Amino acid sequence: MVTELVPAAAFPLQSGLVPRGTRTFVFESIFEVFLLLGTLVGVVVVGYMLYNAYKYRSGSGNGHIDDEDRLVLGELPSGSGGGRKLFTSFFMSMIIVVSLVSWTYLTLLYVEEGPSDAESLDVEVEGYQFGWRFTYPNGHTTDGVLRVPADRPVQLTITTADVFHNFGITELRVKSDAIPGQETETWFTADEPGTYTAQCYELCGAGHSYMSAEVIVMPPDEYEAWYANTTADNATASESSADESVAAKSSLRPAVVP
Ligand SMILES: [Cu+2]
């Protein structure tokens, strides 16, 4: 019995208590837990306060407390039961706060380190004024379009060719600095195929608002088929035309930016 119970309790990382999966799922779990506990604590505190405000209300004839039990100005409440209420509330708060802090810490530790998955796809991201360049493990490079397979962790190594940028895909809860001369690491897993938008989140010049890239999440087999046709030199024909339209947009649009 005991030996069966110990592993789950001793290793919260494996017990399922700490959420694992996509960043979206992890951050949603944090939000839900905080919302739930915050609401619970708020309802208990405000409820107890209102209860006492009503119980000790002024006015004659309420019949709840005798006048001799009432505190006089300057008198400290002695409490009852040897401070039982004080200790109960103190320990309850302590348990809630300590569990919340450790749970959040373990959760964010996972977000920070990423899934230790040897099967992750490594992509290098380079920001420049004004766009994003992606380089795949085979050396294939694309501009403005990042294609990734669904359900597979994507490990990003981010840097910049010129000034500070910040690479972010809000829907996938990814955001990381692009610092000149440095590399920053982040990761994401997209469980739904579809098209997402990556944007720059660091004001970097006149074209900053238009510094976006398409993130195309493909079913794994479609991705593999696409990736098998890529080469180290550059984008495929269809990708090039997409790049041109992106380049055309970004060369046109900054001109109208005030
Ligand atoms: Cu930028």
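Predicted model: local features only at pLDDT ≥ 70, side-chain atom pairs only at ≥ 80, totals over all residues.
**A colleague's note on the salt bridges, patches and backbone**

1. Arginine 152 is partly exposed, with a relative accessible area of 23%.

2. What does arginine 152 pair with? Its partner is glutamate 224, and the closest N and O atoms of this salt bridge are 3.4 Å apart. Glutamate 224 belongs to helix α5 (residues 220-228), while arginine 152 sits in the loop between β4 (145-149) and β5 (154-160), so the bridge ties together parts that are 72 residues apart in sequence. Glutamate 224 is partly exposed too, at 40% relative accessibility. As background, side chains of opposite charge can pair when their charged atoms come close.

3. Arginine 152 has another neighbor to look at, serine 120. Not counting residues up to four places away in sequence, serine 120 touches Arg152, Pro153 and Gln155. Where is serine 120 found? It is in the loop between α4 (84-113) and β1 (121-128). Serine 120 counts as buried because its relative accessible area of 16% is under the 20% limit.

4. The loop between β4 and β5 also holds aspartate 151. Its backbone deserves a look: phi is positive, at about 60 degrees, although aspartate 151 is not a glycine. Aspartate 151 has 56% relative accessibility, so it counts as exposed, the limit being over 50%.

5. How many salt bridges does the model hold? The count is three. Besides the bridge between glutamate 224 and arginine 152, there is one in which the side chains of glutamate 126 and arginine 133 meet, at 2.9 Å from N to O. Glutamate 126 counts as partly exposed at 28% relative accessibility, and arginine 133 falls in that class as well, at 26%.

6. Arginine 133 also forms a salt bridge with aspartate 143, with 3.7 Å between the closest N and O atoms. This pair links distant parts of the chain: arginine 133 is in strand β2 (residues 131-135) and aspartate 143 is in strand β3 (residues 141-143), 10 residues apart. Aspartate 143 is partly exposed, at 23% relative accessibility. Which residues end up in one network? Glu126, Arg133 and Asp143 do, joined by salt bridges that share partners.

7. Now to charge on the surface. A patch of negative charge gathers there from Asp122, Glu124, Glu183 and Glu185. One of these, glutamate 183, lies in the loop between β7 (174-178) and β8 (184-188). Is glutamate 183 buried or exposed? It is exposed, because its relative accessible area of 57% is over the 50% limit.

8. There is a nonpolar patch on the surface as well. Leu86, Phe87, Phe90, Phe91, Met94, Ile95 and Val98 form it, and together they have about 720 Å² of accessible area. Among them, isoleucine 95 is found in helix α4. Isoleucine 95 counts as exposed, with 53% relative accessibility.

9. Two further backbone details are worth checking on screen. The peptide bond from glutamine 129 to phenylalanine 130 is cis, and its omega is near 5 degrees. Phenylalanine 130 is found in the loop between β1 and β2. Arginine 173, a residue other than glycine, has a positive phi near 55 degrees. Its place is in the loop between β6 (165-169) and β7, and arginine 173 is partly exposed, with a relative accessible area of 35%.

10. Finally, the whole chain. Its secondary structure comes to six helices and 10 strands. Of its 258 residues, 31% count as buried. Among the contacts with a separation of 6 or more, 66% are between residues 24 or more positions apart. The accessible surface comes to about 16200 Å², and carbon and sulfur atoms account for 61% of that.

Technical notes: Residues numbered from 1 in each chain as written. Heavy atoms only, no water. Patch = residues over 30% accessible without salt bridge, like charges linked within 9 Å, V, L, I, M, F, W, Y side chains within 5 Å. Areas by Shrake-Rupley, 256 points an atom, 1.4 Å probe, with all protein chains shown as cover. Salt bridge = Lys/Arg side-chain N within 4 Å of Asp/Glu carboxyl O. Lys, Arg positive; Asp, Glu negative; His and termini not counted. Charge placed at Lys NZ, Arg CZ, Asp CG, Glu CD. Helix = DSSP H or I, 4+ residues; strand = E, 2+ residues; numbered from the N terminus. Buried < 20%, exposed > 50% of the residue type's maximum accessible area, 1.4 Å probe, protein only. Contact = heavy atoms within 4.5 Å.
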